[in-house]
Amino acid sequence: MRKLLSFLGLALLITTIVFVMAFRFFSFTPEYPVKEMEKGWTVTYHGQQYQNTNLESLSRQLGTSFARGDIVTLNQFSTLEDLNVPFPYLVFKTQFCAYEVYLDDELIKRAYDQALLGGEFVGIGYSYIPLPSDYAGKRLTIKLFVTENATRADIINPLMGNFDDLYRIILHSAIYALVTGAFMIIFGGLFLLISILFYIRTAGVLSQLCCSLLTVTLGVWTLTAYNLVDNIVPADTSTTVEFAAMFLFVPLMYTIIYSLHPRNNNRILVILIITSFSFDLIFIMLHLFNLVHINHFQYPYYLLSTLGVGTLIAYDYIDLTAKARSSSQKVLMLGLNVLALSFLTYAIIASVGKVADYRQISLLAGLMPTGCLVFVVAQLLNYFIFMTHSFARKKEYAALTRIAYIDNLTGLSNRASCDEQLATLDTSNSNFCILSLDLNGLKEVNDNSGHPAGDRLLKSFAGALSEEFGEKGMCARIGGDEFLVLIESISSEVLDKMLEELVEKLKKLDEQDPEINHSVSYGYAFRTETDEHDTHSVLMLADQRMYEFKRKFYAHMSTR
């Protein structure tokens, strides 16, 4: 319950931040007068005229949809008033319609007329029509030529005003979706890059990779579905991208579910992934070859989406009845459920409701962006959990590595680590050197002063050895009082000088801790000094010289 509350709290916080940013930092007030033409329209359709019609409730009089080949004429009864604005424009939204715009029967703009002849795709979007300087006092006529069956009959009321004001009004009317869509693309792109880098080096991040792809897809769909790129991208391209992105929701959702349940028998899920991706590819290819336009697959796709939600519910049940579920799985499944519920609600309203623009219904204007942000929160929490577990695994691995390759008492490399380095030196071409060292009198220190004193001797000597030779090669403790230094490249002159410095360090240690005697015997050998040129021969020669040094040391001590 605590994790659920944390998830919901973080989701609410991020959604609130985005919402406040959208309306506070992107607030907008038109600089010049803007006129909305909501009344005074005479609509001619199938030879009948409908007087004083509000275009946004046109379906009450004409029916819910238009058919391909229908012609709808919109006449403004009153003449256009002079708004006294620079760069006067007319903006209106069309759905799958070619159009002509007239002022007093004079054609000032024609668009998509080739679609009427060749069956080309038109799309959905806002059109910006520049008005001539003498527009005032003239009557406006818009002719719509419907190019697709089942086109919505309701039409957004046209606006007239300064171009910059009109463009910003369109953007600001869906500012929450605009900020969310841009955020999703940036966030998803960054996480996609991070996921790819992790996927190359680490297993278990397939779900993050798929979630990042879905996030980018959601961002692209949001910007195109809310007509926020109409002044940049042509309506036919924007609408194609919108539907293509929407069609990818279901297969990506299946893939995420699959990645979160690797141990289940997911044969049916694999079939659903392949089938949904195949259908989407077929839909898109048929559209690109201008055989069947992509919007005609919208309702079959909604049926596939319902199947996808059913599959998600089935896996929710599997998760609830399972005894072991990871935190990552719980968080991502929760985010996916919120997103799926948002999309299902959106699809139902868009299919049943009379919607010419999502801005007309507050629920639709904020539903999908909010669902998208909740899904982003799920990814953030999942990434945090993933990094936490990854860090814990790395710490555990480092601890195990230290146990396996580090001498616990001295902190130097142990015998296993030394053996690996010796094997590496065998394969090299360098004239390596092996320095063998053996502490003098460790047994006597243990017997006379106790093992704590002996441990003190070992640690202090290891510190002095590492300080002197640590940057030149590997220092290792290979036995009770036996040490090795493996050096890949050094001259005998430099080595002799370093050994003298080591002896001086040991004398200083004697002064600091008079209870124990810091003394060492040593011997070294180079690869070129042996016939075999292998580490075993070099080590044997170094040991032989070290024991000769030790015999001389004890012989000298006995004569004193």
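How many helices and strands does the secondary structure of the protein chain comprise? The chain contains 17 helices and 16 strands, where helices (H or I, at least four residues) and strands (E, at least two) are DSSP runs numbered from the N terminus. The model is a predicted one, in which local features need pLDDT of at least 70 and side-chain atom pairs count only at pLDDT 80 or more, while totals for chains, interfaces and linings use all residues. Residues are numbered from 1 along each chain as its sequence is written, and side-chain values use heavy atoms, with hydrogens and water left out.

Of the 560 residues in the protein chain, 50% are buried; buried denotes under 20% relative accessible area, exposed over 50%, and partly exposed in between (1.4 Å probe, protein chains only). The accessible surface of the chain amounts to about 28,100 Å², and carbon and sulfur atoms hold 59% of this surface. Accessible areas come from the Shrake-Rupley method with a 1.4 Å probe, and for residues only the protein chains shown count as cover. Among contacts in the chain with a separation of 6 or more, 78% join residues 24 or more positions apart, a contact being heavy atoms within 4.5 Å.

Two helix pairs were examined. Helix H6 (residues 206-225) packs with helix H7 (residues 235-247) at an angle of about 140 degrees, and their axes are 8 Å apart. Axes are lines fitted to C-alpha atoms, for helices over the stretch in contact, and angles run from 0 to 180 degrees between N-to-C directions. H6 is therefore oblique to H7, given that angles under 35 degrees count as roughly parallel, over 145 as roughly antiparallel, 65 to 115 as roughly perpendicular and the rest as oblique. The contact involves Thr217, Val220, Trp221, Thr224 and Ala225 of H6, together with Ser238, Val241, Glu242, Ala245 and Met246 of H7. By class, six nonpolar, three polar and one charged residues form the contact of H6 with H7; Ala, Val, Leu, Ile, Met, Phe, Trp, Tyr, Cys and Pro count as nonpolar, Asp, Glu, Lys and Arg as charged, and the others, Gly among them, as polar.

In the second pair, helix H8 (residues 249-260) and helix H9 (residues 267-288) have axes 8 Å apart and pack at an angle of about 160 degrees. This angle makes H8 roughly antiparallel to H9. Residues of H8 in the contact include Val250, Pro251 and Leu252, and those of H9 include Leu269, Val270 and Asp280. The contact of H8 with H9 has eleven nonpolar, two polar and one charged residues.

Individual positions in the helices were also considered. Ser212 lies in helix H6 and is buried, at 1% relative accessibility. Leaving aside neighbours within four places in sequence, Ser212 is in contact with Gly188, Phe191, Leu192, Ser195 and Gln379. Ile196, in helix H5 (residues 175-201), is partly exposed at 38% relative accessibility.

Most residues other than glycine have a negative phi. Phe96, in the loop between strand E6 (88-95) and strand E7 (97-103), has a positive phi near 55 degrees and is buried, with a relative accessible area of 7%. Asp105, in the loop between E7 and strand E8 (106-111), has a positive phi near 65 degrees but is exposed, at 70% relative accessibility.
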